[in-house]
Amino acid sequence: MNQSRRDFLRALPAITAGAAIAPSAAFAATAEPGSETKHRWAMVVDVRKCIGCQACTVSCIMENAVPENSFRTIVSTYEVHDDTRTGTYMLPRLCNHCANPPCIPVCPVGATFQRKDGVVVVDGDRCVGCAYCVQACPYDARFINHDTGKADKCTFCAHRVDAGLLPACVETCVGGARIFGDIDDPDSAVRHLIDENKLKVLKPEMGTQPHVFYLGLDERFQGRVEGQGTLWQPSKHGA
Amino acid sequence: MKIINYREIEGRSSGFLILLAILGLLALLGLGSAHYMEEHGHVVTGMTNQIVWGIPHVFAVFLIVAASGALNVASIGSVFGKSFYKPLAPLSALLAIGLLGGGLTVLMLDLGRPDRVIVAATHYNFKSVFAWNVFLYSGFFGAVAIYIWTMMDKTVSSYTKPAGYLAFVVRLLLTTGTGSIFGFLVARQFYDSALLAPMFIIMSFSYGLAIYLGVLMASYKWTNRPLGDAVINRLKNLLGVFIAAVLLLVTIFHMTNLYFTKHHGVEAFILLNGGIYTSLFWLGQIILGSLVPLVLLYAPGISKSRSAIAFACGLVILGGLSQMYVTIIGGQAYPLVLFPGYQESSSFFDGVVHNYSPSLPETLLGLGGMAIAGIIVTLGLKVLRFLPLSLADSVADPHAK
């Protein structure tokens, strides 16, 4: 080897600087998965096609090893009452992956973050399990995982999406009620559905800008305060 | 006022050792419970997906709020210049440290991942009120420690007043921060209120003084040191004012909530038809925790009785725990309203009041936190000169004849 000790010492600062930079570069690459993409993932739920079979609920549990009595997604079957009538409706629910998610600013250690592709995820290595994010979510979409002691929620099956697959709930939906895709892609089914239909979101008054949109959602589920003309009219809704 | 001599308590009596043994046993049971919950997960607690803050949080928040209030006696002396309260200041500061220590122990051990508390101490998201509180808690420890140092070391006694001011400001910030943890939770109908911060400050005055007065009376009785009526009467009258102030703030809080239609449901739940929460509110918080103590503290004939005053202090503490239970657990038990203006019920717990039954381990953890606070105070009194040898009227009261 021709390299002298002096050459080695001259190169030492560059070597150490490189060593110092390399891990942070590697971290940056892994800290925000999805940052390399230009997607903005979203989901449209066509409630007219939902038959309440809970196949999505089960597939999510299987795919993500969700513990007993906890759910990342569910299909709630609602009995909704007004003064005189009662109606039954099914509503698939999951994390809304909001553009303005209230769960992120409250996390004291910054464990919850939003990827560049819009998916809101929890850094399991950082979460301390304080449950403040669970309290802050207006959609009841989070819980403390009894097995891990950490905050848990729907990730749009980010591990599958990153691998080019659909979220488990979308893939398993019997009626094709869940449509997943890139809202920024003008050719995507999600984009078409948003452009061509009047979609609704849950609790729009919270200002969270949800990215789970509902097609065929009963007006009452839009979540406006009482007295603004959204009262349920049985005749209008086929009851 | 005469010169005040401070002395450690002797701490050799069988009573002292029994007290320490009981506190030690409770603390060990609490730590053992925390270990059990860590081993088996939160599933062994009564906490659920909907009620994620349980009885340990009730104890923890109560102790933290009370810690801030316990310092109030010292602040009256140092910040507001009332020399009458200066002999009472060291115990006030010790109680503040002890109560905060007990509360934080419970809070940290009840994290989903208590093993990662180092993460909470090294990573901060400054948009989170929780993260602010990490600084406020450690800042409070530091400020009170400095305050105690300036009170006990003659060489730095000239700094007592600024140290007292610093501790006073930090204590106000701490209670504001604690109240704001709930106030910023706009998703929850019962929390979403700016009034929670000032309400927590007033609550801290009441809880802290009740604990202070109880500890002061017990310490002097058990060590056979003279404690005059002047001190007791001033403190008990002050406690009555604080209890009344809490009642006023609680009334304003609920009346303000009732002004907004969207809060009618949760207010009806707490005030009228919430079962255990309604009972705890009216019976625990209002009647036993506020009205009865006011009677005991002011009614002619019994208001001078030390037993009545001590009983009133105990009731205020029970009322405070009730208030925390109603606020923390009642606020979560009431279901999130997904469809405002409608009743809803579903196959997945929507629209139904969530059940919560505290399990033995989590209750023991909470009690363990109180015991740890007691141990800190008891040992502190034994090793350092926190208590005046005498608080007889002739010593403490500048107007004594």
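Tutor: Start with a definition: a residue is buried if 20 or more other C-beta atoms lie within 10 Å of its own, exposed if 12 or fewer, and partly exposed in between. Keep in mind that this is a predicted model.

Student: How do α8(B) and α9(B) sit relative to each other?

Tutor: Helix α8 of chain B covers residues 196-222, and helix α9 of chain B covers residues 229-259. Their axes come within 9 Å and cross at roughly 150°. That angle is over 145 degrees, so α8(B) is roughly antiparallel to α9(B).

Student: Which hand does the crossing of α8(B) and α9(B) have?

Tutor: The crossing is left-handed.

Student: Which residues make the contact?

Tutor: On the α8(B) side they include B:Met199, B:Ile202, B:Phe205 and B:Leu209. On the α9(B) side they include B:Leu235, B:Phe242, B:Val246 and B:Phe253.

Student: How do the residues of that contact divide into nonpolar, polar and charged?

Tutor: There are 17 nonpolar, 1 polar and 1 charged. B:Ser206 of α8(B) and B:Lys236 of α9(B) are also among the contact residues.

Student: Switching to chain A. How many helices and strands there?

Tutor: Chain A has 7 helices and 9 strands. Of its 239 residues, 42% are buried.

Student: What is the strand order in the open sheet?

Tutor: The order is β8-β1-β9 in chain A, an open sheet of 3 strands with mixed pairing. The edge strands are β8 (178-182) and β9 (212-215), each of which pairs on one side only. From one strand to the next, the twist averages 25°.

Student: In what sense do β1 and β8(A) pair?

Tutor: Strand β1 of chain A, residues 41-46, pairs with β8(A) in the antiparallel sense over 5 bridges. In one of these strands, β8(A), A:Gly181 is the bridge partner of A:Ala42.

Student: Which helix packs on that sheet?

Tutor: Helix α7 of chain A, residues 189-196, packs on the sheet and touches β1, β8 and β9 of chain A. The direction of α7 makes about 105° with that of β8(A).

Methods
Residues numbered from 1 in each chain as written. Chains lettered and ligands numbered in written order. Predicted model: local features only at pLDDT ≥ 70, side-chain atom pairs only at ≥ 80, totals over all residues. Pairing = 2+ DSSP bridges. Helix = DSSP H or I, 4+ residues; strand = E, 2+ residues; numbered from the N terminus. Axes fitted to C-alpha atoms, helices over the stretch in contact; angles between N-to-C directions. Contact = placed C-beta atoms within 7 Å. Parallel < 35°, antiparallel > 145°, perpendicular 65-115°, else oblique. Left-handed = near helix turned anticlockwise from the far one by under 90°. Nonpolar A, V, L, I, M, F, W, Y, C, P; charged D, E, K, R; others polar.
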